[in-house]
Amino acid sequence: MPAEVRIRKIAIAAIVASAIVAAVPFFVSSRVTEGVTLLKRAADRQNLYIDLLSMLRDVETSQRGFVLSGREAFLDPYNVALVQIPVLKRNLIKGAIDAEEREALDQIIPLTDEKLVNAAEGIAARRNHDATADSAVGSTSLGKVQMDKLRQLLGQQISAMADRRNNVRGTLIEGSAQVAYFSGLAAVINTFLLGTAVFGGRRLLRERAKVADQLRAAVTLADTRNQLMSGSARMLQAIQSAPTVGDTSAILTTCLTGLLPGVSGTLYLYRNSPDVLEPLASWGSADAAAVPIPREDCWALRFGRAHDHCCDHDLRCNHLRSETRTQHLCLPMVTQGAVIGMMSVRFDSLSTEQFATQRELVMALAEQVSLALSNVQLREALRAQSIIDPLTDLYNRRFLEETLKRELARSTRNKSSLSVIMFDVDHFKHLNDTYGHDAGDTVLKAVAAAAKGAVRKADIVCRYGGEEMIVVMPDCAEGMAMERAEMIRRAIESMRTAHGGRDMPQVTASFGVASHPVFGVDGDSLVRAADAALYVAKRRGRNNVQLAVEG
């Protein structure tokens, strides 16, 4: 056989063999592509379940806030949820993956509808029948049972989708290994055979290596996102359990340090001023002693969107002037259309691709944290509204009863003293009738301020009702209580008030003092004793302090 023919046949065989070997990875790659599609589908389904759970939480939070306060503003998240939940239900039903998920949806969808009906009935009852907050809250027990069941069912589906993603990710890893195996085989064959196939083989190798790198990057990113989602769920659960925003500081510091390795930052919130951001939590290498910053010092808050500090030509926030130029990101924390704070984040020596990936993850996390902190702020505001008298800014009678019971138990346990001062404004009805109720309100505010200024930090000043006020004084014997009552009396007597451009007459108050354990171990007995002493002070000419006596 002529050499030319032999070479031609070898060349043809090399081409055929190279083509066959080179074609195999592409078939494997198609499987991987299918796996990526399944992974995305599972992720989308998981996000739908998470969104539905979030909407239902908004429904529950809005319902409770409305029935407690009667304010329509609390129903904004509820109204948004009413629009979005039907869309989520349709998407969930339409895209059900298998019979098991459809069976779960057969439980979730009706229960969701029942929950919405329950919430609507509770809101309607609050509107139509003017139910009290306590009775309205009591009527939501069915809604709580429904919500607990929905959390369980939705949590199971979220976990099922996470498991499905893990299985698909295993398939992707297996496909990546197969691609690498056949890439190596193609390289050996192409090297052994004719040099005419070498260039094509190298080109195929480069393409396959690129595909393998992309797949590994996709798997790594999916794994990172899965870990972030799992960790952020635990963090958000911990935040939701915090009674106040201040209690979330340690939670955020600990969790963000673990969720964002190689990333440092500080989270700021608007607290006491709408123009000043106060640091709430810092993590990584960020300065733990961060100071408040004015709103104007951050370009992200000025623009109302995320702002990067990566290049020399980027606008630099004033609160970062002292830091060296690095990859930095400022994020406004927005929830329900309102900016509640800002997250300032620094990335430690990342490539451009890594920075883009981490930036996306941080932005998603910031959105979740914003919503969680907003819920805590709402609960904190509702709690304050339920225990603070809006006129005098003193604690109300409900808080007094809870506090007095707790302090009496502590006093009994520690065998220490506890005193109660009860006082009211002399001739207050005459003042109201003469100068009007607005003037009376001005006097009550001034009396409350004078009382708070004359007591110890540990003492608790409450409005008992009308013009009557009570001071609970832990660790205070009757002698010290009498002295403190006299100080309050003098403070009220010496204050000067004005209303409507004219001076009000001098205001005085009468006081009754009773101490534990002389007058029993329950709050009612102690308050009755102080009230009796107050009436003695009234009979003895008013503007004096009287100590309760036995019998």
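User: Before we start, what are the ground rules here?
Analyst: The model is predicted, so to speak of local features a pLDDT of at least 70 is needed, side-chain atom pairs count only at pLDDT 80 or more, and totals for chains, interfaces and linings use all residues. Residues are numbered from 1 along each chain as its sequence is written, and side-chain values use heavy atoms, with hydrogens and water left out.

User: What's the mean pLDDT of the chain?
Analyst: The mean is 83, with 85% of residues at 70 or more, where pLDDT is the predictor's confidence in each residue, from 0 to 100.

User: And which elements have the lowest and highest means?
Analyst: Helix α4 (residues 133-138) is lowest at 51, and strand β9 (residues 468-474) is highest at 96; helices (H or I, at least four residues) and strands (E, at least two) are DSSP runs numbered from the N terminus.

User: Switching to packing, how do α2 and α3 sit against each other?
Analyst: Helix α2 (residues 76-94) and helix α3 (residues 99-128) pack at about 165 degrees with axes 11 Å apart, the axes being lines fitted to C-alpha atoms over the stretch in contact and the angles running from 0 to 180 degrees between N-to-C directions. They are therefore roughly antiparallel, a label for angles over 145, while under 35 is roughly parallel, 65 to 115 roughly perpendicular and the rest oblique.

User: What about α12 and α13?
Analyst: Helix α12 (residues 437-454) and helix α13 (residues 478-494) pack at about 140 degrees, axes 9 Å apart, and are therefore oblique to each other.

User: Where is Gln-336, then?
Analyst: Gln-336 is in the loop between β5 (327-335) and β6 (338-347).
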